[in-house]
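The sequence and the structure are shown below.

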Amino acid sequence: MRPSGCYGLPKASPALLMLLPLLVPLLGAPRGVGAGVGSPAELRVRVRLLDGQVTEESLQADSDNDSISLELRKPDGTLVSFIADFKKYVKIFRALILGELEKGQSQFQALCFVTRLHHNEIIPSEAMAKLRQKNPRAVRQAEEVRGLEHLHMDIAVNFSQRGLLSPHLRNVCAEAMDAIYTRQEDVKFWLEQGVDSSIFKTLPKDTEQALLPRCRHVGDRGVPCVCHYGLSLAWYPCMLKYCHSRDRPAPYKCGIRSCQKSYSFNFYMPQRQLCPWDEDP
């Protein structure tokens with residue numbers, strides 16, 4: 001049985017969870033953030049996940065590079081990382097998924113999803129760098145739950161040309177170099193911003209992919225299918241709050257509003273065995 005809110009990922013065995021500390025130094029934090037001279041500001045908060053469990057979330061702000069990172073570990077051992085690159089209008093989601101060794105799966109598998117960063121999706125890096133919390137032991141729950149977003153990822157990103165899109169791809173998506181996905185509508189925007197088209201590769205067209213079965217319905221491990229993966233950002237500062245005072249002529253910043261946002265990704269997989277988490281409930 002899988003707990004609700006975990007998006008079809010199996011519980012990690014104790015042996016796999018013991019391996020995680022060994023993997024984190026190699027793969028763990030979103031190393032693309034904070035690569036500049038100054039050290040990024042870090043905030044660690046305890047957050048409640050969709051299934052009610054509590055985990056620690058790390059948020060880093062690098063105002064020099066104008067970027068923000070978020071990382072949390074799910075109860076099944078999966079590491080979820082998020083990067084907001086304000087300079088390049090890029091969001092990067094990375095999932096580092098532990099495999100079930102007893103089923104012959106790899107020790108881990110990485111996925112990267114790259115989408116356009118829109119204005120006002122998350123607070124600016126300068127504001128994030130100034131955040132502090134009075135009670136570090138408090139469990140945070142988002143004030144606003146934003147709707148589930150379904151994304152059809154029909155373009156692959158050429159990792160060898162990663163720097164053309166965002167400098168953070170080099171480290172954040174290094175383990176997922178053959179599984180970095182984006183969308184046609186986002187590619188169109190980046191091309192208009194001057195990004196070279198050589199970084200993008202079209203996956204099977206919608207008409208072809210529509211004919212492919214969902215991976216969870218495929219028994220043959222070697223055939224192509226449409227894979228699904230879902231993840232959630234449990235708590236992040238999505239808006240600045242402004243207050244009014246008789247002593248000040250204009251509104252002033254006086255806090256943040258926190259949000260929770262879930263994403264559902266569908267994408268092409270050349271072999272069913274590369275999508276082991278997508279199973280029937």
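This is a predicted model: local features need pLDDT of at least 70, side-chain atom pairs count only at pLDDT 80 or more; totals for chains, interfaces and linings use all residues.

Cys 238 belongs to strand β12, which covers residues 225-243.

Leaving aside residues up to four places away in sequence, Cys 238 touches Asn 120, Glu 121, Ile 122, Ile 123, Arg 146, Arg 257, Ser 258 and Cys 259. Ile 122 lies 116 residues from Cys 238 along the chain, yet 4.1 Å separates their C-alpha atoms. Cys 259, another of these contacts, is also the disulfide partner of Cys 238.

## Disulfide between Cys 238 and Cys 259

The sulfur atoms of Cys 238 and Cys 259 are 2.0 Å apart and form a disulfide. This pair links distant parts of the chain, with Cys 238 in strand β12 and Cys 259 in strand β13 (residues 252-269), 21 residues apart. The torsion about their S-S bond is about 60°, so the link is right-handed. Cys 259 has a relative accessible area of 0% and is therefore buried.

## Other disulfides

How many disulfides are there by the distance rule? The count is five. With the bonded cysteines numbered in sequence order, they pair as 1-2, 3-4, 5-10, 6-9 and 7-8.

A disulfide joins Cys 243 to Cys 254, with an S to S distance of 1.9 Å. Cys 243 is in strand β12 and Cys 254 in strand β13, so this bond ties together parts 11 residues apart in sequence. The S-S torsion of Cys 243 and Cys 254 is about 80°, which makes the disulfide right-handed. Cys 243 is partly exposed at a relative accessible area of 26%, and Cys 254 is partly exposed at 34%.

Cys 215 and Cys 225 form a further disulfide, their sulfur atoms 2.0 Å apart. Cys 215 sits in the loop between α5 (206-211) and β12, while Cys 225 is in strand β12, and the two are 10 residues apart. The link of Cys 215 and Cys 225 is right-handed, with 90° about the S-S bond. Both Cys 215 and Cys 225 are buried.

## Chain totals and nonpolar cores

The protein chain contains five helices and 13 strands. Of its 281 residues, 46% count as buried. Among contacts between residues at least 6 apart in sequence, 67% join residues at least 24 apart. The accessible surface of the chain comes to about 14,200 Å², and carbon and sulfur atoms account for 51% of that.

Which residues have the most contacts inside the largest nonpolar core? They are Leu 111 and Phe 267, in a core of 52 residues. Strand β12 gives the largest share of this core, nine residues. A second, separate core has 23 residues, among them Ile 155, Phe 159, Ile 180 and Trp 190.

## Cavities and a pocket

There are two cavities of 30 Å³ or more. The second largest cavity holds about 50 Å³ of space. Its lining consists of Phe 82, Lys 91, Leu 117, Glu 121, Ile 122, Leu 233, Tyr 236 and Tyr 263. Glu 121 and Ile 122 of this lining are also contacts of Cys 238.

The second largest pocket has a volume of about 350 Å³. It is lined by 16 residues, and those closest to its centre are Lys 130, Leu 131, Arg 132, Gly 255 and Ile 256. The elements that give two or more residues to this lining are β1 (41-48), β12 and β13. Strand β13 gives the largest share, five residues.

Note on methods:
Residues are numbered from 1 along each chain as its sequence is written. Side-chain values use heavy atoms; hydrogens and water are left out. Helices (H or I, at least four residues) and strands (E, at least two) are DSSP runs, numbered from the N terminus. Contact means heavy atoms within 4.5 Å. A disulfide is a pair of cysteine sulfur atoms within 2.5 Å. Buried means under 20% relative accessible area, exposed over 50%, partly exposed in between (1.4 Å probe, protein chains only). A nonpolar core is a set of buried Ala, Val, Leu, Ile, Met, Phe, Trp, Tyr and Cys residues joined through side-chain atoms within 4.5 Å. Accessible areas come from the Shrake-Rupley method with a 1.4 Å probe; for residues, only the protein chains shown count as cover. On a 1 Å grid over the protein atoms alone, a cavity is a set of points where a 1.4 Å probe fits but cannot get out, and a pocket is an open set with protein on both sides within 12 Å along at least five of seven lines; lining residues have an atom within 4 Å of a point. Grid points are joined across faces, edges and corners, and a volume is the space filled by probe spheres set on the points.
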